[in-house]
Amino acid sequence: PGTQATFWEVLCKFIDQRGFAKDSDVYNACFVQRDVFSNIRNGKGVSKKTVFQLCFGLKLDADEAVVLLASAGHAFEAKKNPDEIVLKYLKCKNHDIFAANIELYDMNAPRLFA
């Protein structure tokens with residue numbers, strides 16, 4: 001059996017596919033704090049919220065988001081916000097994180113960023 005790719009390895013694959021050249025381009029596009037991105041690079045755990053931010057910023061589709069979440073030990077949970085809303089946006093290939101954040105706010109759900 002092969003070894004499972006780490007979250008960082010899976011993330012790097014998506015970053016490379018999207019043509020990002022610098023870490024700062026990635027974390028700025030994803031609204032992720034620099035220190036959080038550094039922790040990810042150093043193999044520290046990553047929150048589901050941060051993975052969601054990365055999904056939007058990297059313009060992942062729903063299937064890619066499932067792969068990225070799984071590599072971090074997370075999964076979309078049915079009937080749970082913000083999971084439902086994030087999945088809805090990614091399925092429609094709508095990567096407007098601001099619109100998603102407003103919808104989350106309107107539903108009193110945890111937002112992707114404040």
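Here is a friendly conversation about the predicted model shown above.

Visitor: What should I know about the model, and how are residues numbered?
Guide: Welcome! This is a predicted model, in which local features need pLDDT of at least 70 and side-chain atom pairs count only at pLDDT 80 or more, while totals for chains, interfaces and linings use all residues. Side-chain values use heavy atoms, with hydrogens and water left out, and residues in each chain, as its sequence is written, are numbered from 1.

Visitor: How many helices and strands are there in the protein?
Guide: Helices (H or I, at least four residues) and strands (E, at least two) are DSSP runs, numbered from the N terminus. Along the sequence the pattern reads α-α-α-α-α-α-α. The count is 7 helices and 0 strands.

Visitor: What radius of gyration does the protein have?
Guide: The radius is taken over C-alpha atoms, and the globule rule is 2.2 Å times the number of residues to the power 0.38. The C-alpha atoms fill a box of roughly 40 × 35 × 25 Å along the principal axes. For 114 residues a compact globule would be near 13 Å, and the protein agrees, with 13 Å.

Visitor: At what angle do α1 and α3 pack?
Guide: Two packed helices are described by the angle between their axes and the distance between the axes. Here axes are lines fitted to C-alpha atoms, for helices over the stretch in contact, and angles run from 0 to 180 degrees between N-to-C directions. The axes of α1 (residues 7-18) and α3 (residues 34-41) are 9 Å apart, and the angle is about 115°.

Visitor: Which residue forms a salt bridge with Arg41?
Guide: A salt bridge is a side-chain nitrogen of Lys or Arg within 4 Å of a carboxyl oxygen of Asp or Glu, and the structure holds 6 of them. Arg41 lies in α3 and its partner in α2 (residues 23-29), so the pair ties together parts 18 residues apart in sequence. The closest N and O atoms are 2.7 Å apart, and the partner is Asp23.

Visitor: Is Lys48 buried or exposed?
Guide: Buried means under 20% relative accessible area, exposed over 50%, and partly exposed in between (1.4 Å probe, protein chains only). Lys48 meets Glu77 in a salt bridge at 3.0 Å, N to O. Glu77 is partly exposed at 38%. Lys48, with a relative accessible area of 15%, is buried.

Visitor: Which residues do salt bridges with shared partners join into one network?
Guide: Glu77 also meets Lys80 in a salt bridge, 3.8 Å from N to O. Lys80 is partly exposed, with a relative accessible area of 39%. The network joins Lys48, Glu77, Lys80 and Asp83.

Visitor: What covers the buried residues of α5?
Guide: The buried residues in α5 are Ala62, Glu64, Ala65, Leu68, Leu69 and Ser71. At the start of this helix, a side-chain oxygen of Asp61 comes within 3.1 Å of the backbone nitrogen of Asp63. The cover includes α1, α4 and α6.

Visitor: Which residue has a backbone oxygen reached by the side chain of Asn101?
Guide: Asn101 sits in α7 (residues 97-106) and counts as buried at 9% relative accessibility. Leaving out residues up to four places away in sequence, Asn101 touches Arg111, Leu112 and Phe113. At 2.6 Å, the backbone oxygen reached by its side chain belongs to Phe113.

Visitor: Which residue is joined to Asn81 by a cis peptide bond?
Guide: The loop between α5 and α6 is the place to look. That loop also holds Lys79, which has a positive phi of about 65° although it is not a glycine. The cis bond has an omega of about 10°, and the residue that Asn81 is joined to is Pro82.

Technical notes:
Contact means heavy atoms within 4.5 Å. A polar contact is a pair of N or O atoms within 3.5 Å; within protein, one must be able to donate a hydrogen and the other to accept it, and residues adjacent in sequence count only if both atoms are side-chain atoms.
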